[in-house]
Amino acid sequence: MSSANPAGQTPNADRYLLRGAAVLGGERTDLLIGDGVILETGTGLSDARAAVLDADGLVVLPGMVDVHTHLREPGREDAETVETGTRAAALGGYTAVHAMANSSPVADTAGVVEQVYSLGRAAGWVDVRPVGAVTVGLAGEQLAELGAMADSRARVRMFSDDGMCVHDPVLMRRALEYVKAFDGVIAQHAQEPRLTAGAQMNEGKVSAVLGLTGWPAVAEEAIIARDVLLAQHVDSRLHVCHVSTAGSVDIIRWAKARGIKVTAEVTPHHLWLTEDLVRSYDPVYKVNPPLRSDEDVTALREAVADGTIDVIGTDHAPHPSEAKECEWAQAAMGMTGLETALSVVQHTLVETGMISWADFARITSATPARIGQLQDQGRLVAAGEPANLVLVDPAARWTVDPAAMATKGRNSPFAGRELPGAVKATFFRGHATVLDGALNTPYDFAGEL
Amino acid sequence: MRHLLSTEDLGRGDAVRILDTAEEMSAVGDREVKKLPALRGRTVVNLFFEDSTRTRISFEAAAKRLSADVINFAAKGSSVSKGESLKDTAQTLEAMSADAVVIRHWASGAPQRLANSGWIDAAVVNAGDGTHEHPTQALLDAFTMRRHWSRLNRNASTGADLTGLRVAIAGDVLHSRVARSNVWLLRTLGASVTLVAPPTLLPVGVEHWPCEVSYDLDSTLAKGVDAMMMLRVQAERMNASFFPSAREYARRWGFDDRRLASLDSLGLKDTIIMHPGPMNRGLEISSAAADSPRSTVLAQVRNGVSVRMAALYLLLSGDTREERNELTKVSSS
Amino acid sequence: MSTSSTGPTSRVVLTAADIDRALTRIAHEILEANKGPQDLVLLGIPRRGYPLAQRLARKLAATDPGIDPERIVGLLDVTMFRDDLSRQPTRAPGPTQLPSTGIDNKVVVLVDDVLYSGRTIRAALDAIVDLGRPRVVRLAVLVDRGHRELPIRADHVGKNLPTASAEKVRVRLEETDGPANDVVIEAGE
């Protein structure tokens, strides 16, 4: 497969022929990729110019779209850059990520979101869609210039103060109303600040023993309950970031039954890990929202299976090592996730029989693209569609080694665990960003406007 | 035993061994020469990220009576408070060949972090971490209770546990590392424990603990208590609405003169009153109670040195190097 | 011969009767060296030195009715004074019990089962120094097997036993190892 870029051609003129890939884990077909799109599907295809990839036993899926990524640039380039973060994304099977606004400076102006957008284009590994801050400086006091960000070259449609909760009910109401002007969505980090002052971990049986300040489920659920009612009242779109409790699931299920326009996301780690890991006091397990109980994990898995939770969002949050090599209370919150998301979802949902690969495509690609309004992402695997694809070997097994990852962050909670499923290739706009499970070359945006 | 981090994972055998060893150490305190050569040439570092003169001097006396070299490292006001990390501090102590680190830290779990991080090879003794544990305090409390209980039962202390002893612990359980360590250790030693506190000062999840929980001190006393332990309550908790006023707290949950008198009328002539110190006289305990013959406050302080000697001796006297090699062998096979 | 089992590579060197005779002789030696029973204190070193000290005290009382065997015997734990603490697995210290008369200005006879390297006795001498100031300290052992590593010798010896370093000398007393009551030598590896 090293001959995948035939000599003398620019990368963007790549042509690939995938032989015998199972589309969404179902019917097996050949796929001919060229000119950035899927040219043809069927059996027994041939093409003289195409590099041929044997996809026997592999599953082809639409390129994954992350609604929740921290790329850290600008401001914390020691933790991650757009370049390293999007390399990690490509390796994880992603073709688009939403870059959260809590950079430094905060992405609360057209200037900053355009900068992030341009860095993404320059990197060329995935589509980088900046998320705009809801309030100036994430301070929760005054609306940021949401319209200017929406009209910018970055075409921002998702707004979030992620890391901080828009806790002022009036401000939240105004934000929900205002983004209707350009069909935007507010992605809420649901965390009542007074109930979580100094909070260190889920409040319950384990926090009581460990003497760590509790982070009650109600602090998340109370905000979600308020916000779905606000969204209903002003008839706007609400997206709930990283849902982590069974109670939140119940509220969202109730809201959806009432026709409220709410979507919800869950992280891979909340689908698997529980608060019991905190007993080690190893800050690699410190995250916001915190790891919860077994019952919560079960409820979250069921909520993905029954559609209450719409999408997987990684909340990929790389940190420099010193932010984790310290006391629990001193440590930064967050975990890396881009390079393990596919495997963790396969392990927790696909291999448990709770969802199919077609469902996987819906929750990791189609619905995230719809929420973020990415036209070329999350599409069908069919002739004529943009060639944003990922080729997965579901039978592969690998052991997580954070030091071997493309992200700068070494804070993977899955370190040392054996996971199923490996990304063999990622195609971004028809170009292979990942081949043979390793980074290939980025897509070259130079020729485009 | 490689470290002493918590009582939650301390087995009965180890707990009794520490208490028995403390009995022998206590005898040394009565001798003319109050010093033993057992830890000669060993270095014990008192690493204190939080002020606690009482605990520090108790550990210091313990280490010195065993002839160890003692280095006091008050991390407050030093480079540590200027941003030097626990990791760097640990590696500094490692470079100085510390054999044991006695760590007091405001953050729950810091001693465990130090012990398991690979930054340092020394034995780690938890001298109180955040609102997590204070194992040597619980051990000295258990030691004090065991002596009392054995005397009542006319048994030898050595080898005994606390089966049958009824202990009530009253006060700010939510923020108390002493309460946590005592609950686990007393369970292990066979005592029955009742926690008494306002509901706001009990952690969510306390229902899973191996003890009874009550909001009413008088009814707990009426059921019979052999050891009544009062916990320190910080008056500033009042400002965070944990309770309305110091007066209301003292009336409902303080061990006041009326409750002291009630012990006699309840026929609890042998009940002891314990407090880990420092006391807020007039808040959680009245002066009359603190100074009564029932009070074990000073005995607790005295026993603290014996128990800490025992812990340091048991952690440092064996050939830990070989034990570690053994472990490596086992894990690599 | 002893009724208790011994391994195929071990042999009995002192029977119960031999031990008893040796202790009788040592008791007489002690009284003779001390010119009487005055100020005598016997300190047994755990584990087997203590029962031996008790037996000796009874022998002394049998010879001299002025002696109360209960009041002249003490127990001296030397664990904390050993020089090999960091080379051995952790040992929990045991109790030290002195006779009510104390040891100041007394004639202390240290009693142990086997004298070998001399390191235990060195530790015992240090322990005694921390407890008080005896007028004289003497040493009585049931068996001296040689191989000294320190300049220490016994004043009263039950039996001198030439041994190889690889051999093990096991003293088995009714009080601690019952029913066996003998001294055996086991061959080394």
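Trainee: How many salt bridges does the rule find across the interface of chain A and chain B?
Mentor: The rule finds two salt bridges across that interface. Please keep in mind that this is a predicted model.

Trainee: Which residue forms a salt bridge with A:Arg279?
Mentor: The partner of A:Arg279 is B:Glu8, and their closest N and O atoms are 3.8 Å apart.

Trainee: And how many residue pairs are in polar contact between chain A and chain B?
Mentor: Nine residue pairs are in polar contact across this interface, counting those with both residues at pLDDT 80 or more.

Trainee: How many residues of each chain take part in the contact of chain A and chain B?
Mentor: Chain A contributes 20 residues, which are in contact with 22 residues of chain B. Together the two chains bury about 1,600 Å², and 55% of this area is on carbon and sulfur atoms.

Trainee: Which three residues supply more than any other three of the area that chain A buries against chain B?
Mentor: They are A:Val209, A:Tyr281 and A:Glu327, which supply 34% of the area that chain A buries there.

Trainee: Let me turn to the other interface. What area do chain B and chain C bury between them?
Mentor: Chain B and chain C bury about 1,500 Å² between them, with 57% of it on carbon and sulfur atoms. The contact involves 18 residues from chain B and 17 residues from chain C.

Trainee: What is the count of salt bridges between chain B and chain C?
Mentor: The count is one salt bridge. B:Arg31 and C:Asp130 form a salt bridge, with 4.0 Å between the closest N and O atoms.

Trainee: Which helices of chain B each supply at least two residues of the side that touches chain C?
Mentor: Those are helix 1 (12-29) and helix 11 (297-316) of chain B. Helix 1 of chain B gives the most to that side, with four residues.

Trainee: Now away from the interfaces. How many salt bridges does a search of the whole structure find?
Mentor: The search finds 54 salt bridges over all chains. In one of them, the side chains of A:Arg429 and A:Asp127 meet at 3.0 Å, N to O.

Trainee: Where do A:Arg429 and A:Asp127 lie?
Mentor: A:Arg429 lies in the loop between strand 17 (418-428) and strand 18 (431-435) of chain A, and A:Asp127 lies in strand 8 (residues 127-130) of chain A, so the pair ties together parts that are 302 residues apart in sequence. A:Arg429 is partly exposed at 21% relative accessibility, whereas A:Asp127 is buried at 13%.

Trainee: What is A:Gln377 in contact with, leaving aside its neighbours within four places in sequence?
Mentor: The contacts of A:Gln377 include A:Asp127, along with A:Gly63, A:Val65 and A:Phe428. A:Gln377 lies in the loop between helix 10 (357-372) and strand 16 (389-399) of chain A. With a relative accessible area of 3%, A:Gln377 is buried.

Trainee: And in chain C, which residue forms a salt bridge with C:Lys59?
Mentor: C:Lys59 forms a salt bridge with C:Asp20, the closest N and O atoms being 2.6 Å apart. This pair links distant parts of the chain, with C:Lys59 in helix 2 (residues 49-63) and C:Asp20 in helix 1 (residues 16-34) of chain C, 39 residues apart.

Trainee: Is C:Lys59 buried or exposed?
Mentor: C:Lys59 is buried, at a relative accessible area of 18%. C:Asp20 is partly exposed, at 39%.

Trainee: Which residues of chain B are linked in a network of salt bridges?
Mentor: The network links B:Asp218, B:Asp256, B:Arg258 and B:Arg259.

Trainee: One last topic, the rings. How many aromatic pairs are there over all chains?
Mentor: The count is 11 aromatic pairs over all chains. B:Phe243 and B:Tyr249 form a tilted one, with 5.0 Å centre to centre and 45° between the planes. B:Phe243 is buried at 3% relative accessible area, and B:Tyr249 is buried at 0%. In chain A, ring pairs link A:Phe159, A:Tyr178 and A:Phe182 into a cluster.

Trainee: What lies over the face of A:Trp272?
Mentor: A:Arg417 lies over the face of A:Trp272, 4.7 Å from the ring centre. In chain C, the charged end of C:Arg145 sits over the ring of C:Tyr116, at 3.9 Å from its centre.

Definitions and conventions. Residues numbered from 1 in each chain as written. Chains lettered and ligands numbered in written order. Predicted model: local features only at pLDDT ≥ 70, side-chain atom pairs only at ≥ 80, totals over all residues. Heavy atoms only, no water. Phe/Tyr/Trp six-rings, centres within 6.5 Å; stacked < 30°, edge-to-face > 60°. Buried < 20%, exposed > 50% of the residue type's maximum accessible area, 1.4 Å probe, protein only. Lys NZ or Arg CZ within 6 Å of the ring centre and 35° of its normal. Contact = heavy atoms within 4.5 Å. Buried area = accessible area lost by both parts, 1.4 Å probe. Polar contact = N/O pair within 3.5 Å; in protein donor to acceptor, adjacent residues only side chain to side chain.
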